[in-house]
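Hi,

Here is the structure I promised to pass on. Have a look first, and then read my notes below.

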Amino acid sequence: RISYINPVAEDLFGCKVEDVLGSPLYDLLRISHQDGKAVDDLIPLAMLQGTPVTLPDDTWLAGGNGRRYAIEGSLAPKWNEGRADGVVVTFKDVTLRRFEEEQSKQDHKHSALSRLADGIAGHLDLELSVVAEESTRLLNSLPADSKLRSAAETIESAALDAFGVTCRMRAFGQEREIKPQVVQVNEILENLGRNWHKALPGLTVQPFGCRNHRKCRSGCIRGD
C-alpha cells in the first residue's frame with residue numbers, strides 16, 4: 001500500500017499524497033504497454049530478487065484527467081532490518097522524448113521513400129520518353145484512316161499520363177519550405193468542428209476550445 005508519493009507524482013496522478021495514503025499501489029499506478037495491455041505485476045519479482053526491476057520500454061502511465069504519459073523507471077525493494085518489506089517505485093515522464101524519437105523515425109522513413117521515389121521516377125522518365133517519342137513518330141507515319149491510329153493514340157496518351165505520375169513522384173521527394181504562421185487556435189478548432197458536421201451530419205460534437213491556464217502567461221503555441 002502507498003506510504004508516500006512526491007510532488008511530481010502528485011502532479012502526474014492529479015491527486016494529493018494525503019488522499020492516497022494506505023491505498024493499494026495499483027489503484028494509483030495504472031501502467032500498461034503501448035497497445036493498452038496491462039503491465040505484469042513486478043512487485044513480487046523485485047522483492048524475491050532483492051534487486052531493482054526495470055519497467056518495460058513501452059510502458060505508459062494513466063495519469064490524472066485521463067492523460068497518458070510515456071514513462072521509464074524501476075521498482076526496487078525497500079529493506080527493513082535485512083528483509084524486503086515493500087518497494088520504492090521511481091519513474092520519469094519521457095512523453096516528449098518518445099514523441100521526438102517517433103518523429104525522427106518518420107523523418108527517416110520519408111527520406112528513404114523520397115530517394116526511392118526519385119530513383120523510380122528518373123528510371124521511368126527515360127523509358128517513357130522513348131515510348132512517347134516512338135508513339136508520336138508512329139502516329140505521324142500512319143494514314144488518317146489507319147485502324148492502327150487508335151492503338152497508337154492510346155499508347156501516346158498512356159505515356160503522357162505516366163509522365164504526370166512521375167512528376168508527382170518527384171514532387172513527393174522534394175523538400176518543402178515550411179513557413180510558420182501565427183494562428184488563432186480557437187478558429188481552427190471551430191472550423192474543424194464545422195467540417196466534422198459536414199462530413200458526418202449525424203455526429204454530435206460538444207463545443208470545445210483552447211484557453212490559457214490562469215497561472216500561465218499569454219503566449220504563442222507552436223505545433224505541427
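Which residue takes a positive phi in the hairpin of strand 4 and strand 5? Glu81 does, with a phi near 55 degrees, and this hairpin has two residues between the strands.

Before the rest, some background. This is a predicted model, in which local features need pLDDT of at least 70 and side-chain atom pairs count only at pLDDT 80 or more, while totals for chains, interfaces and linings use all residues. Residues are numbered from 1 along each chain as its sequence is written, and side-chain values use heavy atoms, with hydrogens and water left out.

Helices (H or I, at least four residues) and strands (E, at least two) are DSSP runs numbered from the N terminus. Two strands pair if DSSP finds at least two bridges between them.

Strand 4 (residues 68-80) has several partners to look at:

- Strand 5 (residues 83-93) pairs with strand 4 in the antiparallel sense over 10 bridges; Asn80 has Arg83 as its bridge partner there.
- Strand 3 (residues 60-62) is also antiparallel to strand 4, over three bridges, and Trp60 stands opposite Ala70. Their hairpin has five residues between the strands, and Asn65 takes a positive phi near 60 degrees in it.
- Strand 2 (residues 53-54) runs antiparallel to strand 4 and is joined to it by two bridges, with Val53 opposite Leu75.

Finally, the surface: Leu113, Leu116, Ile120 and Leu124 form a nonpolar patch with about 330 Å² of accessible area together (Shrake-Rupley method, 1.4 Å probe, only the protein chains shown counting as cover for residues). Patch residues have over 30% relative accessible area and no salt bridge, and nonpolar side chains are joined within 5 Å; a salt bridge is a side-chain nitrogen of Lys or Arg within 4 Å of a carboxyl oxygen of Asp or Glu. Leu116 lies in helix 5 (residues 95-141).

Best wishes

Definitions and conventions
Patches are made of residues with over 30% relative accessible area and no salt bridge: like charges are joined within 9 Å, nonpolar side chains (Val, Leu, Ile, Met, Phe, Trp, Tyr) within 5 Å.
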